[in-house]
Amino acid sequence: MAPRRRSNTGFIGVRLRPAGHFAAEITAGGTRVWLGTFYTKEAAARAYDVAAWRFGRPRHEMNFPEVRSLTEAQSLSTEPLLRSQGEARRYRSGQRRIDTTEADEQFMAQWRRDHPGAVEAERAFWKEKQTYRRERRAGKRQRRAEYEAEYAKGEASTWGENDERWLWNLSSTASEDTPSEDEDFDF
């Protein structure tokens with residue numbers, strides 16, 4: 001997986017707020033988790049790295065890949081700037097989400113170790129589904145290419161089987177059969 005794009009602050013998961021402070025956020029389980037507001041972008045980036053370590057993200061997705069452990073990352077990070085009770089509630093809520101997501105990921109890792117057969121069955125299912133989709137797409141591409149080749153030779157038409165233009169075209173053998181402009185005939 002390619003590393004996430006760094007924002008205009010130069011750090012992953014950090015953005016500049018209008019007041020001049022820096023907000024840190026991380027996506028966990030499809031949900032964006034707010035990590036806090038910080039005075040400096042480096043402090044916000046370190047908060048992001050602590051959360052990334054807790055989620056077991058690879059080091060290439062972190063802002064400071066030279067940090068070797070969660071303990072080291074936690075020792076380098078600072079507490080967020082909490083200016084109101086609302087921000088404090090939001091911070092606590094984010095911390096609960098991080099704890100829940102971390103526990104979920106640990107549980108799933110343990111489950112995968114305990115049930116290798118189920119993991120293999122799931123992989124086989126997705127591989128079979130991927131193969132089916134590829135074959136279906138290849139069939140569509142082949143049918144499309146055949147149709148385009150027939151059309152280029154003049155053997156195929158863009159008109160459907162039940163198109164009224166076929167009847168008009170086949171029945172018009174003389175010019176008097178051709179509808180005039182005043183006749184009400186829809187193509």
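Author: Two residues are in contact when heavy atoms of theirs lie within 4.5 Å. The model is predicted: local features need pLDDT of at least 70, side-chain atom pairs count only at pLDDT 80 or more, and totals for chains, interfaces and linings use all residues. Residues are numbered from 1 along each chain as its sequence is written, and side-chain values use heavy atoms, with hydrogens and water left out.

Reader: What does Thr101 touch, leaving aside its neighbours within four places in sequence?

Author: Thr101 is in contact with Ala28 and Phe55 when those neighbours are left aside. Thr101 belongs to helix 3.

Reader: Why does Thr101 count as buried?

Author: Buried means under 20% relative accessible area, exposed over 50%, and partly exposed in between (1.4 Å probe, protein chains only). Thr101 has 14% relative accessibility, so it counts as buried.

Reader: What makes Asp49 buried?

Author: Asp49 has a relative accessible area of 3% and is therefore buried. Asp49 is part of helix 1, and it touches Met62, Asn63 and Phe64 when residues up to four places away in sequence are not counted. Asp49 and Ala73 are 24 residues apart in sequence, yet 6.9 Å apart in space from C-alpha to C-alpha.

Reader: How many helices and strands does the chain have, and in what pattern?

Author: Helices (H or I, at least four residues) and strands (E, at least two) are DSSP runs, numbered from the N terminus. The chain has five helices and three strands, in the pattern β-β-β-α-α-α-α-α along the sequence. Of its 187 residues, 26% count as buried.

Reader: What makes a set of residues a nonpolar core?

Author: The members are buried Ala, Val, Leu, Ile, Met, Phe, Trp, Tyr and Cys residues joined through side-chain atoms within 4.5 Å. The largest such core here has 24 residues, and Ile26 and Leu35 have the most contacts inside it. Strand 2 (22-28), strand 3 (31-38) and helix 1 (41-54) each supply at least two residues of this core. Helix 1 gives the largest share, eight residues. Apart from residues up to four places away in sequence, the residues that Ile26 touches include Leu35, Tyr48 and Phe55.

Reader: How do you know that a space is a pocket and not a cavity?

Author: On a 1 Å grid over the protein atoms alone, a cavity is a set of points where a 1.4 Å probe fits but cannot get out, whereas a pocket is an open set with protein on both sides within 12 Å along at least five of seven lines. Lining residues have an atom within 4 Å of a point.

Reader: Which residues lie nearest the centre of the second largest pocket?

Author: Ala47, Val50, Ser77, Tyr91 and Gln95 do, out of 14 lining residues. Strand 3, helix 1 and helix 3 (85-114) each give two or more residues to the lining, and helix 1 gives the most, with four.
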